[in-house]
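Please look over the structure first.

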Amino acid sequence: MSENAPSTNGVSASSSDATPSFATMPDPASIAEQTPDTNSGARQERPQPKQASTAENIAEAGAGVKLTGAQLKQRKQAEKAARRAEKVTVKGEQAQIQQVQSSSSGRPDVKQRRSSQGEQLQTPQSHHKRKLSNQPPEPGAVRIPFRPGQQPPSTPQTQQPPQPKHAEKRVPLVSHLYPSGKPASLTTASREIHPSVLTLALQLRNLTIAGSTARTLSLLLTLKRVIKAYTTPPSTALSRHLTTHLSHQISFLSSARPLGIAQGNAIRWLKKLISQLDPDLDDNDAKKFLCDAVDSFIQEKVTLASEVIASQACSRIEAEGETILVFGKSSVVEKALLKAAKDEGKKFRVVVVDSRPLFEGRNLAKGLLRAGMREGGDLDGCQVVYSLISGLADALEQNCVTKCFLGASGMLGNGSLYSRCGSAMVAMMAKQYNVPVIVLGESLKFTAKMAVDSLSLNEVGDADALVERDESQTFTSDVPPKQEDAGKKGGGGKKKGGDEEQKEEDEDASKNGLLESWRDHPNLYLLNLMYDITPKDYLDMVICELGTLPPGAVPVIGVHGGDE
Amino acid sequence: MAPNDQTGLATPPPKDSSSNFDIVSHYNRLISSDPSTTPAIAAIESLIAILSATSPSTITETITLLQSASTTLLASQSNPIPLSAGTELIQRYIITSFKQQPAQLSGHDFTQLRRQLITNSKLFVSQTKSARSKIAKHALPFIRDDSTVFAYGSSRVADAILSHAAESNRYFYVIFITSDSTDSNEATALHQSTKRLLAHGIPVATIPFPTISHAIASLPKPQASNVLFLLGAEAVLENGAAVSNLGSHLVASVAKANSIPCYFAAESYKFTRQFPTSFGDRDLQRMGAKQQVLRFRSSMDDDKEIEWSVEESKGGGNDGGVDITPPELISGLITESGIMTCEGVAEELIKLWF
């Protein structure tokens, strides 16, 4: 990083860097509503580094006195060393580490912008500290107070958001599951990242798009948009260069959230298709061919496949008296249930089992209710029961469950199901009650990968999602809503008024309690694994678009389907 | 019997002899004329016969003809599961052979293609007929000297295996488990196989169904270490479950409870793409079998209703009712292509279909 006039250089470079990527942006309207948001967000961000860095300069110049650029320049030589130290302090050490870590050409602007936003979560490296402590404090320099020894633990005091520790606290057992690169954000994107890829990356990161099918679909649509906007650079062939171009986009996406099994299969298919293109093909023809191929792939492997699966699953539901247990939310399962209720007029009960922290089952329950599966609704005669996974045994027994439908994120080569965390528990419990467990999944989700435990192949979610939050709509929150609380206390609190205050204090403490501040407890870890593995012994059948299979036959289909 | 549906085709065949062809009676004739013919093979042969008796002129016509004929045939049976394996297989075979001969299709000489198809199909049938002896060879290592074989139900394959083992000069013990159903077919079959085994000097015991557990416990020590159950399957479902004589599920459960391996012998043409969710009446009904074991009576009057019933089949065949043995209870399937696990069935079927 250049040490002379870093801020001005950085800002000018950043605007020149950022502009082309937005200038080349095609019509964003087609990507959901998020596109304009992120877009404007990105635009807002651009001026920010400037502000931040001028603020730095002001701080450097001393005591909040506003100085002009000319004055700053005059003092530059004298304050050079001090500024170097300050810069490190103010920005936190992340910026420099990013410089070390970032594989791409270290553009100072990107890092500065990011660090000023405080988005980056990185571990400090020792040589920076050494640099700091070796730095003799210059007499003329006004410095922002910093305590070199305290750096990492004192984050709250040094005006940094608490996130930097986030990445540090990793459960050692699953350290291989944590993302290794820098997490995706608008600022980490290099200039070749297509805007629609940016949008998708943010949507994936924020779990706006969370389901396996939805992720695959949006990935394919986005890549199609990238292909449309692509022009082959001179003296390269499309079939050779486009794959690398896409690889950049994809690696950015995977830094937002690790790619799912279906996404991986779709990408593999697309790359293979590109590499097999006739090199003599005209660029426009090639692009058109690819876009059409993506469309038909979506049609065949996702849309029609889910239709076929839904109708096959439907045929497994009898006209009356069935109770179907489902877990979380799966688009195919929802489709199957709605098809059975709507198109085939079957009367059945759905037990939706849900779990923290994502509560995806609520969406499913809402969807079913909205479709009319309630008294007086369009699909009267069908019932929806919502239960949390902690009440699973009860839900199974009370409702006389006859079948269990599970969605899939992936079917592994040994017949295991890779699905949202909790599926294994549901499947095992269903097996315990002799309920047939039926997996619904497109063959696109089949993979030759194998896993016997949930640790080798998984994804670590946001650990903070596990922390209790005082949300009244969170069913599992152990802090009751305020009013109820007051009412209860009013009843019982007559005798011991003194205890009441004490209790409330305790409650406040528990509210901001142990879990909230888990980062400060050295031996306390939170682990939010997103998926789990259900061994094939607990699965009875897998319904894919090619038919109904026993889970052990998944690798046979895999050859035809996923790895195509 | 209803006339065949292909009269309703868009382009009826010029010489509509097909409507005169009674596939059901043809099938019944085949079954009764040769006791060694299995339902699946008889169904395949009937379909080939209808193909040669009629003269469809296009591929679509041929396929529609086969489809409607198999629907008619299956509807006439109380237990169409074994037949459906055969009808599906031959339709699949014909479709694939159409696919593989695009060159001939362009030549417009459909009659020649059809003739070739019929010849091939006949060849196919003769090949499948040899399956039983292959199975007997594959099963031989399972029957060692001094081993005890429990056999249940009348199965031609199981019979062939035992005879082959006896002919190969193995010395083993056979225990036939008889069900209490008064099926004369079963009794004659049992009598014949007993006679055949005794002729080879193989000791045979016959025990009634309720005594299986006791019989296992009563086996003398040296024999008790080498016991297996050998059953025949009428059809094998996609998850490896076996459709077999009513009671097989129970027999297999007893075997499992005593940690005795239980093998089902079946030719691979008996594999069918049906997938049960459980193993009761409703699953059989899903597959078209008209059988109801469980009936509750509401008063003392309907005495007759409480017995389980199988709708009388219009054709022959051994119809004492069937049940489904879940794959967990099956140690292995003995087929002409080798010994298979239950999961292998799905693989075989997928190979056939895709």
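Which residue takes a positive phi in the hairpin of β5(B) and β6(B)? Gly240(B) does, near 95°, in a hairpin with five residues between the strands.

This is a predicted model, where local features need pLDDT of at least 70, side-chain atom pairs count only at pLDDT 80 or more, and totals for chains, interfaces and linings use all residues. Residues are numbered from 1 along each chain as written, chains are lettered from A and ligands numbered from 1 in written order, and side-chain values use heavy atoms, without hydrogens and water.

Chain B has 14 helices and 12 strands. Helices (H or I, at least four residues) and strands (E, at least two) are DSSP runs numbered from the N terminus. Strands pair if DSSP finds at least two bridges between them.

| Strands | Sense | Bridges | Bridge partners |
|---|---|---|---|
| β5(B) (235–236), β6(B) (242–245) | antiparallel | two | Ala235(B), Val243(B) |
| β6(B), β10(B) (322–325) | antiparallel | four | Ala242(B), Thr325(B) |

Of the 354 residues of chain B, 52% are buried (under 20% relative accessible area, 1.4 Å probe, protein chains only).

The structure holds 14 cavities of 30 Å³ or more. A cavity is a set of points on a 1 Å grid over the protein atoms alone where a 1.4 Å probe fits but cannot get out; lining residues have an atom within 4 Å of a point. β6 of chain B supplies at least two lining residues, as do α2 (39–53) and α8 (156–167).

Conventions. Buried < 20%, exposed > 50% of the residue type's maximum accessible area, 1.4 Å probe, protein only. 1 Å grid on protein atoms, 1.4 Å probe; cavity = no way out; pocket = protein on both sides within 12 Å on 5 of 7 lines; lining within 4 Å. Points joined across faces, edges and corners; volume = space filled by probe spheres on them.
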